[in-house]
Amino acid sequence: MLDLLIIGSSAAGASAGIYAARRHLNFKIVTIETGGEVALSGEVGNFPGWGETTGISISQKFQEHLALYDVKPDTGVRITRITVQDDGTFSVIGDAGDKEVTFRTKSIIATTGVHPRKLGVPGEDEFKGKGVTYCTTCDGPLFRDKVVATIGGGNSGLESALMMNEIASKVYLINKYAEFKGEPILIDKVSRSDKIEVVPEALTSEIFGSEFVSGLVYKDKEGKEHKIEVQGVFVHIGVVPNNEFLPEEVEKNEFGEVVVDKYCKTNVPGFFAAGDVTDAYKQIAIASGQGACAALSAVEYLNKLEA
Ligand SMILES: Cc1cc2nc3c(=O)[nH]c(=O)nc-3n(C[C@H](O)[C@H](O)[C@H](O)COP(=O)(O)OP(=O)(O)OC[C@H]3O[C@@H](n4cnc5c(N)ncnc54)[C@H](O)[C@@H]3O)c2cc1C
């Protein structure tokens, strides 16, 4: 029986692990991999104390910090199911590729983040990895001097278009709404680019090609269809929490995010959550702060169990 199981080992999970190690808890970190969305964050200029850096550097430092306390996350493990036992402890099942793994624990911190939302249009699945991508930071450089489209009107869509502005020959920025929903500084940069063509109030309805993507179809606000030729489609239309393994008792909001209070407690005693999987702002500084907060709450919970 563990005191604590931390699921995920990125900003929130590593931070929770550092605190748990320093409090000498009997705990484990299990995770699919250790980079998370931090490693995909490209250039990062808002993680306090770091100035201008990259997501990869930050994620490496998180793991080095864990290693300082001899904490080595169990990687390659996808948690698939958690059930709350009658005595308030948790039974956890994970898929480790070739075998199933199980854990019993008195408390849990879920830090499993989010994954990109899909468009759900014909051609999207067929051309995934063949021109359709959900990570501009990872795949953008493959589209040097090509014509591409970014779909999305929030910060991540704006950042994608701006990154492709430096790489591609032309960038269509297809936004479902009339206005962008991102930071003014990014909107301003987009409006000053002569390579980015903004297509407002446009709904992407199909992605087509033969072996690779060769174009997409969008509908304007009158419902009229337009075809554009692009070799790359970058989808940035929001995120979906990685929550499929949660016990059914844990409260989620309408977006599937875990509802936590200011101590990162959920409605289930002993079950805590931190980072992007929760109903908080999705930023590295916030995820790492919440990881620390959840670990301290877990310590308090465990102390009360023993008292
Ligand atoms: C393109 C991009 C740019 C960004 N830029 C910035 C920026 O400039 N500044 C900023 O502050 N933030 C930025 N962000 C947001 C930032 O990356 C997130 O806020 C941060 O990664 C959240 O950390 P996390 O620990 O909650 O989740 P993640 O980093 O996503 O980590 C989730 C962890 O959970 C594991 N996991 C998931 N499901 C399971 C499961 N079922 N079982 C076991 N393990 C699981 C994963 O392997 C991973 O280790 C950006 C994000 C993106 C995508």
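A nonpolar core is a set of buried Ala, Val, Leu, Ile, Met, Phe, Trp, Tyr and Cys residues joined through C-beta atoms within 7 Å. In this predicted model, the largest such core has 47 residues. Helix 1 contributes the most to this core, with seven residues. The protein is divided into domain 1 (2-115 + 239-306) and domain 2 (118-235).

**Domains**
- The C-alpha centres of domain 1 and domain 2 are 32 Å apart.

**Nonpolar cores**
- I109, A273, A274 and A294 have the most contacts inside the largest core.
- Beyond its neighbours within four places in sequence, A273 contacts I109, A110, V258, V260, C264, T266, T278 and A294.

**Helix 1**
- Ten of the twelve residues of helix 1 are buried, so the rest of the structure largely encloses it.
- The buried residues are A11, A12, G13, A14, S15, A16, G17, I18, Y19 and A20.
- Their cover includes strand 1 (2-7), strand 2 (27-30), helix 2 (55-68), strand 7 (100-110) and helix 6.
- At 1.5 Å a residue, helix 1 should span 16 Å; its end C-alpha atoms are 17 Å apart, which agrees.
- H24 follows helix 1 and has a positive phi, near 55°.

**Ligand shell**
- Of the 38 residues around the ligand, G8, S10, G36, G113 and G275 come nearest.
- Helix 1 (11-22), strand 5 (78-84) and helix 6 (284-306) are the elements that give two or more residues to this shell.
- The shell comprises 15 nonpolar, 18 polar and five charged residues.

Definitions and conventions: Residues numbered from 1 in each chain as written. Predicted model: local features only at pLDDT ≥ 70, side-chain atom pairs only at ≥ 80, totals over all residues. Near = placed C-beta within 6 Å. Helix = DSSP H or I, 4+ residues; strand = E, 2+ residues; numbered from the N terminus. Nonpolar A, V, L, I, M, F, W, Y, C, P; charged D, E, K, R; others polar. Domains from an automatic or database assignment. Buried ≥ 20, exposed ≤ 12 C-beta atoms within 10 Å, placed from the backbone. Contact = placed C-beta atoms within 7 Å. Expected span 1.5 Å × (residues − 1).
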